[in-house]
Amino acid sequence: MNRLIPGTTMKFTEQARESAFSLISPVLEATGGLTLSQLSKLTGLEGTTIQNWIKRGWVSATKGKKYSEKQILRILLINMLRKAMKLEDIANLMRYINGDVEDTSDDIIEDILLYDILCRIIFTAEDEGAFDAERINSLVAREIAENTKEIADDEKLRKAMYVMVMGYRSGCLRTEMEKGLEVILDEM
């Protein structure tokens with residue numbers, strides 16, 4: 001299986017299991033951010049798509065030519081859900097969790113912790129082959145309990161994270177379905 005880190009084109013490694021974003025952080029620290037072309041390679045997104053998300057207010061505007069940690073995290077979160085959810089729904093979900101993209105004072109959880117928790121839940125569910133509602137809710141509850149000091153509203157976050165994990169899984173299933181359909185259509 002060619003397992004990727006959610007929202008990226010990077011191959012899964014065991015280091016990603018606990019802190020997926022830790023694989024990207026050293027590059028940001030060394031370079032002061034990513035350029036649009038580097039971010040496109042990291043995410044597999046076209047530069048125009050990323051710029052469009054900024055214009056729509058789903059990602060904060062860049063200061064200069066480099067994308068910051070916060071911007072990259074928001075792009076990764078949107079990217080990991082876009083195969084299964086409408087972009088407007090993803091934007092609403094992100095607002096539900098962290099309010100205004102420019103204002104961090106209303107955030108329930110920092111984007112880096114949100115991303116790492118989501119990745120941990122996804123990796124665990126994939127390893128177990130268990131994406132049923134009960135198991136995902138259990139994994140979400142465990143992660144929230146382990147990180148309760150960093151979370152402002154447990155119940156709100158629990159609901160949103162469940163939707164995000166299931167949205168990610170739905171996107172993976174959709175990709176597999178499309179591959180199967182392509183094989184059938186090629187045989188016609």
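**Ground rules and exercise 1: aromatic pairs**

With a relative accessibility of 17%, Phe12 counts as buried (buried is under 20% relative accessible area, exposed over 50%, partly exposed in between, with a 1.4 Å probe and protein chains only). This is a predicted model, where local features need pLDDT of at least 70, side-chain atom pairs count only at pLDDT 80 or more, and totals for chains, interfaces and linings use all residues. Residues are numbered from 1 along each chain as its sequence is written, and side-chain values use heavy atoms, leaving out hydrogens and water.

Task: work out how the rings of Phe12 and Phe123 are arranged.

Solution. 
- Step 1: there are 2 aromatic pairs in the structure (ring centres within 6.5 Å; planes under 30 degrees apart are stacked, over 60 edge-to-face, the rest tilted; for Trp the six-membered ring is used).
- Step 2: the ring centres of Phe12 and Phe123 are 4.7 Å apart with planes at 65°, so call this pair edge-to-face.
- Step 3: Phe12 sits in the segment before helix H1 (14–18) and Phe123 in helix H7 (residues 111–128), so the pair ties together parts 111 residues apart in sequence (helices are DSSP runs of H or I, at least four residues, numbered from the N terminus).
- Step 4: Phe123, at 0% relative accessibility, counts as buried.

**Exercise 1: helix H4**

Task: find which residues of helix H4 (residues 47–55) are buried.

Solution. 
- Step 1: the buried ones are Gly47, Ile50, Trp53 and Ile54.
- Step 2: down the H4 axis these fall within an arc of 125°, so they line one face of the helix (the arc uses directions from the helix axis to the C-beta atoms).
- Step 3: the face turned away from that buried side carries exposed Thr48 and Lys55.

Notes
Helices (H or I, at least four residues) and strands (E, at least two) are DSSP runs, numbered from the N terminus.
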